[in-house]
Amino acid sequence: MLKRQYLPVVVTVSLFVMMFALGSFRYTGFLSTQVFLNLLIDNAFLLIVAVGMTFVIISGGIDLSVGSVIALTTMVSATLIQNGWSPAVVIPLVLIMGASFGWVMGAIIHYFKIQPFIVTLAGMFLARGLCSVINIYTITIDNAFYVRMAQTKVGLPGNNVISISVLIAVSVVLIGIYLAHYTRFGRNTYAIGGNEQSALLMGLPVARTKILVYAFSGLCSALAGVVFTFYMLSGYGLHAMGMELDAIAAVVIGGTLLTGGVGYVAGTVFGVLIQGVIQTIISFEGTLSTWWTKIVIGLLLFLFIVLQRLLSTRRSMNH
């Protein structure tokens with residue numbers, strides 16, 4: 001029999017295949033490699049954020065600040081680039097800024113024993129507020145490097161193309177899978193999510209791991225912000241509104257338990273792809289409002305949380 005903890009991921013992958021098949025039967029031109037690749041192109045930044053969020057949720061936490069950190073990254077990038085700074089300085093700078101932001105939140109969560117929800121909510125308001133301090137209007141970027149990154153298409157066999165953003169997102173996913181399953185950091189993250197007290201008694205570096213998890217999430221958010229800047233070629237304080245909720249939805253639909261301790265980066269990838277497929281089907285349909293994406297994702301989230309509940313209840317009964 002299938003191991004029970006893999007069940008949500010199997011359900012997620014099956015759901016994605018089913019939805020893609022449904023779109024292919026219903027719409028001409030849907031079943032093409034390019035349509036699939038477009039899912040990645042349009043959701044590259046969400047994928048990057050969701051990888052960071054997966055680690056946070058596996059560790060038993062939550063990070064509500066990711067959307068605001070993306071917006072802050074676009075604002076800082078746009079302001080500095082338009083003031084003549086070199087992208088070679090700006091990009092590392094915003095990545096360090098994002099990681100530091102996460103690091104500070106992780107430290108507050110651990111050392112002051114405050115709920116992650118509250119700390120990251122404060123982080124969310126702080127980052128959005130800082131955006132408004134920098135500028136309340138959109139800052140357009142006309143830097144040659146950013147424009148080239150936005151327009152460069154990487155050719156694939158069969159006349160298919162992807163953007164640079166997809167390559168960055170895929171790299172982040174691979175790094176995420178490696179960190180989760182092949183490093184001590186990953187094992188410690190799962191252990192803390194499973195039971196923090198046990199992890200402490202086992203002598204695991206709980207404080208360091210927890211702070212690193214939030215720093216990693218902050219780094220992913222800032223990197224997503226850089227990719228988002230390539231995608232939009234602008235900085236704006238209201239960019240990526242609600243992105244934190246999309247990321248959490250992708251992680252949960254991808255089979256990661258909200259209580260922590262169980263989850264897979266690969267599952268999260270399919271969680272993001274499912275959101276992309278829903279949007280694509282709606283745009284192919286042409287008559288539906290984009291709000292249907294939210295409605296369908298809401299229903300899926302509800303179903304997955306019920307599925308998780310059933311699995312964890314059955315697991316505790318078996319123990």
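Lys210 counts as buried, because its relative accessibility is 13% and the cut-off for buried is under 20%. The exercises below concern a predicted model.

**Exercise 1.** Determine which residue forms a salt bridge with Lys210, and state where the two partners lie.

*Solution.* 
- Step 1. The partner is Glu196, and the closest N and O atoms of the two residues are 3.0 Å apart.
- Step 2. Lys210 belongs to helix 11 (residues 206–232) and Glu196 to helix 10 (residues 196–201). The pair links distant parts of the chain, 14 residues apart.
- Step 3. Glu196 has 25% relative accessibility and therefore counts as partly exposed, whereas Lys210 is buried.

**Exercise 2.** State how many salt bridges a search of the whole structure finds, and characterise the one between Lys294 and Asp246.

*Solution.* 
- Step 1. The search finds three salt bridges.
- Step 2. In the bridge of Lys294 with Asp246, the closest N and O atoms are 3.5 Å apart.
- Step 3. Lys294 is in helix 14 (residues 291–318) and Asp246 in helix 12 (residues 243–253), so that distant parts of the chain, 48 residues apart, are linked.
- Step 4. Asp246 is buried because its relative accessibility is 19%. Lys294, with a relative accessible area of 47%, is partly exposed.

**Exercise 3.** Compare the span of helix 1 with the expected value, and list which of its residues are buried.

*Solution.* 
- Step 1. Helix 1 covers residues 7–26, a run of 20 residues.
- Step 2. From first C-alpha to last, helix 1 reaches 28 Å, close to the 28 Å expected at 1.5 Å a residue.
- Step 3. The buried residues of helix 1 are Pro8, Val9, Thr12, Leu15, Phe16, Met19, Phe20, Gly23 and Ser24.

**Exercise 4.** Give the count of aromatic pairs, then classify the pair of Phe20 and Phe36 and that of Tyr27 and Phe284.

*Solution.* 
- Step 1. The count comes to 16 aromatic pairs.
- Step 2. The rings of Phe20 and Phe36 are 6.2 Å apart, centre to centre, with 80° between the planes, and the pair is edge-to-face. It links Phe20 in helix 1 with Phe36 in helix 2 (residues 33–42), 16 residues apart.
- Step 3. Phe20 counts as buried because its relative accessibility is 12%; Phe36, at 28%, counts as partly exposed.
- Step 4. The ring centres of Tyr27 and Phe284 are 5.6 Å apart and the planes stand at 40°, so this pair is tilted.
- Step 5. Tyr27 lies in the loop between helix 1 and helix 2, and Phe284 in helix 13 (residues 265–285); the pair therefore ties together parts that are 257 residues apart in sequence.
- Step 6. Tyr27, at 12% relative accessibility, counts as buried, while Phe284, at 32%, counts as partly exposed.

**Exercise 5.** Identify which residues form one aromatic cluster with Phe20 and Tyr27.

*Solution.* The cluster consists of Phe16, Phe20, Tyr27, Phe30, Phe36, Phe270 and Phe284. Among them, Phe16 and Phe20 are buried residues of helix 1.

Conventions
Residues numbered from 1 in each chain as written. Predicted model: local features only at pLDDT ≥ 70, side-chain atom pairs only at ≥ 80, totals over all residues. Heavy atoms only, no water. Helix = DSSP H or I, 4+ residues; strand = E, 2+ residues; numbered from the N terminus. Expected span 1.5 Å × (residues − 1). Buried < 20%, exposed > 50% of the residue type's maximum accessible area, 1.4 Å probe, protein only. Phe/Tyr/Trp six-rings, centres within 6.5 Å; stacked < 30°, edge-to-face > 60°. Salt bridge = Lys/Arg side-chain N within 4 Å of Asp/Glu carboxyl O.
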